[in-house]
Amino acid sequence: MPSTSVALTPGLASFLKSLKTNPIDTSIDNLISLLKRRQIRHSRSCATATAYLLLRVISACRTTDAAKLIERVQSVGRRLVAAQPREMVVGNIVRRVLGLIRDEAEDDREADFNLSEAGSESQPQTPRVPDDHSDSLSGRFEGSDRSSSRPPLSQPAPITMFSLLSHPEPEASLPGTPASASPSGKMLGHTPSKDIRAEVLEGVNEIIDELGQVDDQIAAYALDHIHSNEIILTHTSSTTVQKFLLKAAAKRKFTVIHAESYPNNHEATHATVSGNSTGDDEILSTESFQKPLIALGITVILIPDSAVFALMSRVNKVILGTHSVLANGGLVASAGTRVIARAAKVHQTPVVVVSGVYKLSPVYPFDFDSLIEYGDAGKVIGYEDGDLVDQIDVQNPLYDYVPAELIDLYITNLGGHAPSYLYRIVSDHYRKEDINF
Amino acid sequence: MGPKQKGGGAKQRGNAADEVEETLQAVVLADTFETRFEPFTLDKPRCLLPLANTPLIEYTLEFLANAGVEDVFLYGGAHSGQLEKYINASKWRSLSSPFKQLTFLKSTSTSVGDVMRDLDGKHLITGDFIVVSGDVISNLPIEGALASHRARRVANKDAIMTMVLREAGRNHRTKSSSTSPVFIIDPTKDRCLHYEEIDHHSSDSNRLNIDTEIILSHQELDIRQDLIDCSIDICTPDVLSLWSDSFDYQTPRKQFLYGVLKDYELNGKTIHTYIVKDYYAARVRNLKAYDAISKDILSRWAYPLCPDTNLLPGHNYELRKGNLYQEQGVTLARSCVIGRRTVIGQGTSIGDKATVKDTVLGRNCKIGKNVTLDGAYIWDGAVIGDGTTVRHAIVADNVQVGSNCTVEPGALLSFGTKIADSMTISEGKRITNAYREEEDGVPDTDPEVVGEGGEGYEYIPYEDDEDESDTESNASSGLVYNMAQLSLSTDSISTLSSETSDYGISRSGSFSSTGGDEDEQDHFVHDAATSVYDSLRDDVTSDVVQLELVSLRMTANASDNQVRRAVVSAFMKRIAQLIEGGKAAGEAVRQIFGKYREIVERSLFDREKDAKPDQVDLLLLLQQDLVHRSRGDMVLLFLAKELYDLEIIDEEAYEQWWDDERSSSTEEMRQVRSQTQQFVEWLANAEEEESSEEDDDDEESDEE
């Protein structure tokens, strides 16, 4: 019977399964309701679900027009974000996909400009034959561009007077009116636009791959940051942090102090520490085979959250997971994180945040109260305590906002960054026209 | 059980049949056949009443979707048209609905028992299913309960039902305060052994009657009164057949649960409990619970079922500090004060210096200047005039309250009423504008209550049509907002049962104080019917049956009417069984009534009188019983003839019965007796002839 009961409750697994068979609109509504019901939560699950959904949306979208594609992804994205505005990764993934489409469209155009420039600058209305030629050319350019998601800086060809002059124009006209695009837009015809879609799909697949590998990539930096005989303090059952510590534990001996993050995550934390994780959490399920730190001979001390300040003086480094990272470097992380970061500041203990780039959001926190979700009051005080329930209001914030100045270093899958450098990563990953899509 | 499973198996239902074990079915009882939400339920089905601006049914369907249910059967009751319309327009009907199938079933049922029997007849249920009422609010993932239910059922197929109960301590706002269900549980097996409801208002029933057998045969017993019964039951198809077998059960707890547990020796079925300690589960059983659960939702005890989850498409609530939920497009005057635990819907405007706290405001409400709202529930489109105070009251859709009014705690203003300026609506008053068919005429607006220019009249529930056979608990006599004056009735909306229910027992005194008696009376009917039925089946002689019946009756101090009810239900069940076994209807009737004539005769005491209330009552009971049986009309004809031949019932009684309005009160009742018409006509003719003979011979008619 357990097999049926596992399959029973809808979640990420059932959503991904149904994605293949259901019509696209059903899948969108399905994800929206799953997000609303909090049946898909945690940044990674949300990101994965969004990426797979957008993959479906794009492959089902039969349009050959980049602008239409963008519009479609935007409308889906808006609905997803409205369903659960506090899961910022949903918006991040949507923005990245939008960025991909724009990049492809522009690359195409640029490649085309190259060609028309190289061929005959005086004749924009090139006949059909060289146009086919341009296809293969543009394909090659795109192939080389894909490896980094930024626009190619090293490529010598586009940096000509013509392209410099023409560059602002397509960028401005792209989102709204494809028809008003430069003559080359018309000339491109069918085949190259089809190519865009295939390229975008490939890009989305890369994002999905990135989501799968991100923890391992981050863990690769572990040995640079964790040294022998250090005392590390951490918090929550974040798999990213666990993998990071495990990687270091393979080579070095150190001590981990683990705050239990009561009441919203203590059970998972206990399970992580003792290695009995039951796999109830869908992200953990694949990693639940993983040995706990104690199996590698690391001393792990589980402490209540209230003891953090008392122990902070002995801690060498604080390593934190997070729910999302905002554009200014501030974190939205599990409740209790801010207290830890604050205590670390008092003791001048370095605070390191490990987080995939996909959690990095271009949103600037003007009103961070609205970013914080309030959860089930019953976890703080038993609902059966009737007198209390009647008399008091219980607040159970799931997240804390941690200001950037409390954090010393961010480690993402791209490497370590100082808080002041984050803006650069944001601008690399998200196009500014997509920030408020 | 036999026919059920055959029926379920034979019915191939497309995609669902592929994975019979996987598909989880649920039955939603959208109508619970109670009138605790009157006067609101006069206009709208109860499950569409808004709780924190979302209709109740949404929470229930959300719960089922969370639980991974795929097939839903929705039973509508009163106003089922409105409900069907709502459901058809909702997201649950769209392609993306989490339910593979959402079937709306209409029925003429008048109790939960009827619904279950109807469902049994339809053979829709293929495996384990969940029964919930249309007002359950829960964030409980059901799989734990389901897994333990399935494990138990694999081990023992007599474990037919698992009830989900929420632990709630001694005092709790969400628990009903007037009655408390008491579960006696064997904690080693989670098995429920006994169930009873204690009515706190009645002095004489503050005790439990536990069978000594239970105490002797179990090592450990938990007697628990601290549980919220949220009426989420996981059932096997056997449950339906049990309902069908026990034709007199109407309520799921007080009768069905009690009965099945009591008859454990007979049927061997066990019922289990699944006690939840850390999720939210409750049922909006009455207005007091409505108030409590609204507070729970606003204080996020039911997370993620909160207003800012925006269950309904189109809602866009956002959480602000202090549990203030506000939609976009709200107009707040600069000087108004919005306190904690408040919900404000789109398009609502609040005037200068108004104070609002602990209040739910629907969409497009207009709140004037200097208004004070405290603990009020203001539904969509209501207008509250300047300077008015509303405390702990419900103001329904499109109500207009004038300026400088005071609406005192516990007042209920139903849909579309209008209150003139400077009126005071005193505590616990219910004002409605609905047309009630039972009333002699359309009640006019009562200016005493609503003032000059107002619309509406005071709603007074009928005290006399309370039906003792209904009401799963007298809980609803619970007080809305702790006000002693405002007790809620628990009567059934069933016209049929309420009309035939002035069964003898005088229901004087307050409703709550007779509660305890009724329990015993009901139990008597059930016990006696079972005992007589068993005797009939075993072909015991009528003397023995009579003896047993008399002793039962003495112990329970039952009324004549109760005895007749018991006898009728036992006889009819046996007859139905004989007919099913292949006997002709007439023969079956003759066999039973011929052999056990004495028993019937000794329950009638009006042989010598002109008016024949007892005989008429017997006929009515028979007729009512036959409404639910197949070929009831035929059987009734045979019965009438046989009873006449056996001289159990006199011609006068037939006439009085035929003329009695109760016998033709509903379409079904009329239909059942249609066949008997010829017989009654023949009787009347015969009598005329006889009366002409009577001139010659006075004695003859007496003999006849």
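This is a tutorial dialogue on reading features of a predicted model.

Student: Let's begin with chain B as a whole. How many helices and strands does chain B have?

Tutor: Chain B has 23 helices and 35 strands. Of its 704 residues, 53% are buried. Among the contacts in chain B with a separation of 6 or more, 61% are between residues 24 or more positions apart.

Student: Now helix packing. What describes two packed helices?

Tutor: The description uses the angle between the helix axes and the distance between those axes. A case here is α4(B), residues 112-122, against α7(B), residues 237-245: they pack at an angle of about 115°, and their axes are 8 Å apart. The crossing of α4(B) and α7(B) is left-handed.

Student: Which residues in α4(B) and α7(B) meet?

Tutor: From α4(B) come B:G113, B:M116, B:R117, B:L119 and B:D120, and they meet B:L240, B:S241, B:W243 and B:S244 of α7(B). By class, this contact has four nonpolar, three polar and two charged residues.

Student: Let's move to domains. Where is chain A divided?

Tutor: Domain 1 of chain A covers 2-212, and domain 2 covers 220-434. Their contact takes 24 residues from domain 1 and 17 residues from domain 2. On the domain 1 side, the elements giving two or more residues are α2 (12-21), α4 (43-60), α6 (88-119) and α11 (190-219) of chain A.

Student: Which of the elements of chain A gives the most to that side of domain 1?

Tutor: That is α6(A), with 10 residues. By class, the side of domain 1 that touches domain 2 has nine nonpolar, eight polar and seven charged residues.

Student: How many residues does the contact take from chain A and from chain B?

Tutor: Chain A provides 31 residues and chain B provides 35 residues. In chain A, α1 (2-8), α3 (24-36) and α18 (386-391) each supply at least two residues of the side that touches chain B. The most comes from α3(A), with six residues. By class, this side of chain A has 10 nonpolar, nine polar and 12 charged residues.

Student: What about nonpolar cores? Where do nonpolar side chains tend to be in soluble globular proteins?

Tutor: They tend to be buried together. In this model the largest nonpolar core has 234 residues, and A:V73, B:I378 and B:V395 touch the most other members. The element giving the most to this core is α6(A), with 10 residues.

Student: With which residues is A:V73 in contact, leaving aside its neighbours within four places in sequence?

Tutor: They are A:L54, A:V57, A:I58, A:V94, A:V97, A:L98 and A:I101.

Student: Let me try a single residue. Is A:D400 buried or exposed?

Tutor: A:D400 is buried, because 22 other C-beta atoms lie within 10 Å, and the cut-off for buried is 20 or more. A:D400 is found in strand β8 (residues 399-402) of chain A. Leaving aside neighbours within four places in sequence, A:D400 is in contact with A:A333, A:A335, A:G336, A:T337 and A:R338. A:L245 is 155 residues from A:D400 in sequence, with a C-alpha to C-alpha distance of 23 Å in space.

Student: Last topic, the backbone. What is the phi of most residues other than glycine, and what are most peptide bonds?

Tutor: Most residues other than glycine have a negative phi, and most peptide bonds are trans. Let's take the peptide bonds in this model. A cis peptide bond joins A:Y262 and A:P263, with omega about 0°, and A:P263 is in the loop between β2 (255-259) and α14 (266-274) of chain A. In chain B, the bond from B:Y303 to B:P304 is cis, with omega near 0°. B:P304 lies in the loop between α10 (287-298) and β15 (318-320) of chain B.

Student: And where is A:H42 found?

Tutor: A:H42 is in the loop between α3 and α4 of chain A. Its phi is positive, near 70°. A:H42 is partly exposed, because it has 18 other C-beta atoms within 10 Å.

Student: What is the phi of B:N370 near?

Tutor: The phi of B:N370 is near 55°, a positive value in a residue other than glycine. B:N370 lies in the loop between β23 (366-367) and β24 (372-374) of chain B. With 18 C-beta neighbours inside 10 Å, B:N370 counts as partly exposed.

Note on methods:
Residues are numbered from 1 along each chain as its sequence is written. Chains are lettered from A and ligands numbered from 1 in the order in which they are written. This is a predicted model: local features need pLDDT of at least 70, side-chain atom pairs count only at pLDDT 80 or more; totals for chains, interfaces and linings use all residues. Axes are lines fitted to C-alpha atoms, for helices over the stretch in contact, and angles run from 0 to 180 degrees between N-to-C directions. Helices (H or I, at least four residues) and strands (E, at least two) are DSSP runs, numbered from the N terminus. A crossing is left-handed if the near helix is turned anticlockwise from the far one by less than a right angle, and right-handed if clockwise. Two residues are in contact if their C-beta atoms, placed from the backbone, lie within 7 Å. Ala, Val, Leu, Ile, Met, Phe, Trp, Tyr, Cys and Pro count as nonpolar, Asp, Glu, Lys and Arg as charged, and the others, Gly among them, as polar. Domain bounds come from an automatic or database domain assignment. A nonpolar core is a set of buried Ala, Val, Leu, Ile, Met, Phe, Trp, Tyr and Cys residues joined through C-beta atoms within 7 Å. A residue is buried if 20 or more other C-beta atoms lie within 10 Å of its own, exposed if 12 or fewer, and partly exposed in between; C-beta atoms are placed from the backbone.
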